[in-house]
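Hello,

Here is the structure I promised to pass on to you. Have a look at it first, and then read my notes below.

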Amino acid sequence: MTNAWDERKKALENEFFHRLEQEKIEKMKEEAREQSIRQVCLGRCPKCGEAIVPMIFRGVPLDKCPGCGGVWLGPKDIQILAEKDHRTWFDKWFRGEEGEGE
Ligand SMILES: [Zn+2]
């Protein structure tokens, strides 16, 4: 009777550790997947996948995508831009893109 119980206990323990191991492997796989996605996407446009190019707009370094025209601002860049010229920088940005006509 004790032997059967011990065996059952051992089996349950094994199952527990097997499941724990399995969860660890899944987590590692997920992390590896995330890491490789990040590596592939580094410096790439999240919208179209084109390689983004750095540019300077009003003294603030930005990243621009030549594929779709998207522009990426760093966490502080929009604040810096807004402080530089809080009235019209946005306006000038679009006018500048169309050429200095007026
Ligand atoms: Zn793009």
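To get your bearings, in which helix is the place of Asp-77? Asp-77 belongs to helix 2, which covers residues 77–84. Helices here are DSSP runs of H or I with at least four residues, strands are runs of E with at least two, and both are numbered from the N terminus.

Before going further, a word on the model. This is a predicted model, in which local features need pLDDT of at least 70, side-chain atom pairs count only at pLDDT 80 or more, and totals for chains, interfaces and linings use all residues. Residues are numbered from 1 along each chain as its sequence is written. The pLDDT is the predictor's confidence in each residue, on a scale from 0 to 100. Its mean over the chain is 85, and 81% of the residues reach 70 or more. Among the elements, helix 1 (residues 2–41) has the highest mean pLDDT, at 94, while helix 3 (residues 89–98) has the lowest, at 63.

The overall layout

The chain contains three helices and three strands, and along the sequence they follow the pattern α-β-β-β-α-α. Of the 102 residues, 1% count as buried. A residue is called buried if 20 or more other C-beta atoms lie within 10 Å of its own, exposed if 12 or fewer do, and partly exposed in between, with C-beta atoms placed from the backbone. Contacts are pairs of residues whose C-beta atoms, placed in that way, lie within 7 Å. Taking the contacts between residues at least 6 apart in sequence, 7% join residues at least 24 apart.

Helix 1 and what follows

Helix 1 has 40 residues and spans 58 Å from its first C-alpha to its last, close to the 58 Å expected at 1.5 Å a residue. That expected span is 1.5 Å times one less than the number of residues. Helix 1 is hardly covered, as the count of buried residues among its 40 residues is zero. After helix 1 comes Gly-43, with a positive phi near 75°. Leu-42 lies in the loop between helix 1 and strand 1. Leu-42 counts as exposed because it has 9 C-beta neighbours inside 10 Å. From Leu-42 to Ile-52 is ten residues in sequence and 9.4 Å in space, C-alpha to C-alpha.

The three strands form an open sheet in the order 1-2-3, with antiparallel pairing. Its edge strands are strand 1 (53–57) and strand 3 (71–72), each of which pairs on one side only. Two strands are said to pair if DSSP finds at least two bridges between them.

Strand 1 and strand 2 run antiparallel and are joined by five bridges. Val-53 has Lys-64 in strand 2 as its bridge partner, and Met-55 stands opposite Leu-62 in strand 2. The hairpin of these strands has two residues between them, and Arg-58 takes a positive phi near 50° there. None of this covers strand 1 much: zero of its five residues are buried, so strand 1 lies largely in the open.

Strand 2 (residues 60–64) is also joined to strand 3, by two bridges, and these strands run antiparallel. Here Lys-64 stands opposite Val-71, and the bridge partner of Asp-63 is Trp-72. Six residues lie between the strands of this hairpin, where Gly-69 has a positive phi near 80°.

Back to Asp-77

Which residues is Asp-77 in contact with, leaving aside its neighbours within four places in sequence? They are Val-60 and Leu-62. The C-alpha atoms of Asp-77 and Leu-62 are separated by 7.8 Å, with the residues 15 apart along the chain. Asp-77 counts as partly exposed because it has 16 C-beta neighbours inside 10 Å.

The annotated region

The unreviewed UniProt entry carries the annotation "domain: Transcription factor zinc-finger" over residues 44–83. UniProt positions are given in the numbering used here, feature names are shortened, and annotations may be inferred rather than shown by experiment. Over residues 44–83 the chain is 18% helix and 30% strand, with the end C-alpha atoms 28 Å apart.

Best wishes

Definitions and conventions: Contact = placed C-beta atoms within 7 Å.
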